[in-house]
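Q: Could we go through how the helices pack in this model, and then turn to the aromatic rings?

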Amino acid sequence: MKSKKEEFSIVGYEDFLLKSRKKVNLYLNIVLWFFVAAGPAIALGIKLGFFKDISYLTCAVISGSVVLMAVIHIILMSFFPKNLLTSLFALIAMDTLLVYMTLNHVSIYLTWFLVPLLSIVLCDKNIYIFAVVFNYILMFATTWQISGYEASFRKEYSKPLEYFLDTIGGFTIESVIMLVTGTMIVRLIIEHLKKLINQDRELKESIQSKREKMHLLTSMADIYDNVNLIDFINSTEQSLKKGNETKHSIDMREQTHTLMNQRVKKSVMGDQLDSFLDFTNIKTVRSRLSYKKLISADFLDIKEGWFRAQYITVDSSLDGIPNLVIYTTRNVDEEKRREEHLVRLSLTDEMTRLYNRRCYDEDLNEYKATGLDDDFVIFSIDVNGLKKVNDTMGHAAGDELIKGAAECIAMAISSKGRAYRTGGDEFCAIVNESNPEEIVKKIREKTSKWHGMYVEEMALSIGYATHKDNPKASLDELEHIADSRMYADKDQYYVSRGLDRRKR
């Protein structure tokens, strides 16, 4: 089974042969026309006395035959310019001409090997083997035909057979050498061409890919406030925004930030400037982007609000180190506000707008990780009589009571901490307050003044635990202390009203 790369190479090579065969046929036709000059050249040799047994008629036939074959070849090229048979016709025509010249005693032995050499340009091993073998068959037959004539003029040969064996023996050795070496040359040419074609294809694909990426990035430039192309190979930066496309050099040894970031940093919020400078340090960008598509971070602009800085890999080396990087900044203030709103919703109780149980658990985990201050206080608060209100007055009245309790707790705690609704009528609060009784007093005052549309009065049971009074207690233990005190306060409330809490 061939690999995908080999298949691409073969397809590309075959396509190359088809495209180049038209040019090859043109060159072969030029060679044919060049042979037209053989007739006049031989005629000149006759006149000068070099050729004694050759007639001027033979010269005319040679030139006339070549002209005819060249014209036929032109006609074939016009109809079948890329056809292999068109090329084979030119090669066979040359062989036929050589046979005629040899039979008429025009013995130019070097030309016998011209046709196989010309066949190499077709870059086809089978065609080359055919050309050599066909050429040898014609040499064999022609040498046999002229052996009697040639032997009669040479004293070293007593019989035509001796001339034939001696001459064809040399031709055979030369043909074998040509067959072996030529086949190797053709094979090497084919392999080299396939390699070059494959490299050319990969290079074109790479160039096309880069062009597409650049076109995409350029078209996306309007989405961003700033878009810079950073070339780490040539150490340059270039804005992709229209009207500002000058390339600027980057001194990677001395320079830590691009011109764009030197401008952007002027409006970054002071407490975020160090983080921004660390993220945009041009000396560390390549290592941080290694084997990554992008890295990003959000920062606060003094005037415009939140913005997002991103480094996006466009092109990288085989070891994953980026060579071309796009650096962008984009305002995300609205997005940030939406995120904050969604976070608030996820951490807020829908009915009371206090923080919910999830937020309470997350805050407790954070306190467990960071530790407690001396003025840390945890409250446990419960609504008294909610079940009775729900049973006698309906759930609308019960909801009113819960909302009223939340409002009173939130106003009493104010900015000193957070209040949470952790269950149906259960509330908690975490505050930093050295005098928690002051908060209890405020809650009592708020609830005593509260009146609803359905419910006339409200009572809350309150318990709390401080870290100062219980320095060795864990956060879970402080919760338990606050709950115990809340239930004790609830029992006292029902006793003061002369009610059995469990029987209501």
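A: A definition comes first: axes are lines fitted to C-alpha atoms, for helices over the stretch in contact, and angles run from 0 to 180 degrees between N-to-C directions. Please note that this is a predicted model.

Q: Fine. At what angle do the axes of H4 and H6 cross?
A: The axes of helix H4 (residues 84-103) and helix H6 (residues 125-152) cross at roughly 20° and come within 10 Å. Angles under 35 degrees count as roughly parallel, and H4 and H6 are therefore roughly parallel to each other.

Q: Is the crossing of H4 and H6 left-handed or right-handed?
A: The crossing is right-handed.

Q: Which residues make the contact?
A: H4 contributes Leu84, Leu88, Ile92, Asp95, Val99, Thr102 and Leu103. From H6 come Ile127, Phe130, Phe134, Asn135, Leu138, Thr142, Gln145 and Ile146. By class, the contact has 10 nonpolar, four polar and one charged residues.

Q: Now the rings. How many aromatic pairs does the structure hold?
A: There are 18 aromatic pairs. One of them joins Phe279 and Phe299, a tilted pair at 6.0 Å centre to centre with 50° between the planes.

Q: Where in the chain do Phe279 and Phe299 lie?
A: Phe279 is in helix H9 (residues 273-279) and Phe299 in strand S4 (residues 294-301), 20 residues apart.

Q: Are they buried or exposed?
A: Phe279 is buried, with a relative accessible area of 11%, and Phe299 is buried at 4%.

Q: Which residues are in the cluster linked by ring pairs?
A: The cluster consists of Phe276, Phe279, Phe299, Phe307, Tyr311 and Tyr327. Within it, Phe299 and Phe307 are both buried.

How values were computed: Residues are numbered from 1 along each chain as its sequence is written. This is a predicted model: local features need pLDDT of at least 70, side-chain atom pairs count only at pLDDT 80 or more; totals for chains, interfaces and linings use all residues. Side-chain values use heavy atoms; hydrogens and water are left out. Helices (H or I, at least four residues) and strands (E, at least two) are DSSP runs, numbered from the N terminus. Angles under 35 degrees count as roughly parallel, over 145 as roughly antiparallel, 65 to 115 as roughly perpendicular and the rest as oblique. A crossing is left-handed if the near helix is turned anticlockwise from the far one by less than a right angle, and right-handed if clockwise. Contact means heavy atoms within 4.5 Å. Ala, Val, Leu, Ile, Met, Phe, Trp, Tyr, Cys and Pro count as nonpolar, Asp, Glu, Lys and Arg as charged, and the others, Gly among them, as polar. Rings of Phe, Tyr and Trp (its six-membered ring) pair if their centres lie within 6.5 Å; planes under 30 degrees apart count as stacked, over 60 as edge-to-face and the rest as tilted. Buried means under 20% relative accessible area, exposed over 50%, partly exposed in between (1.4 Å probe, protein chains only).
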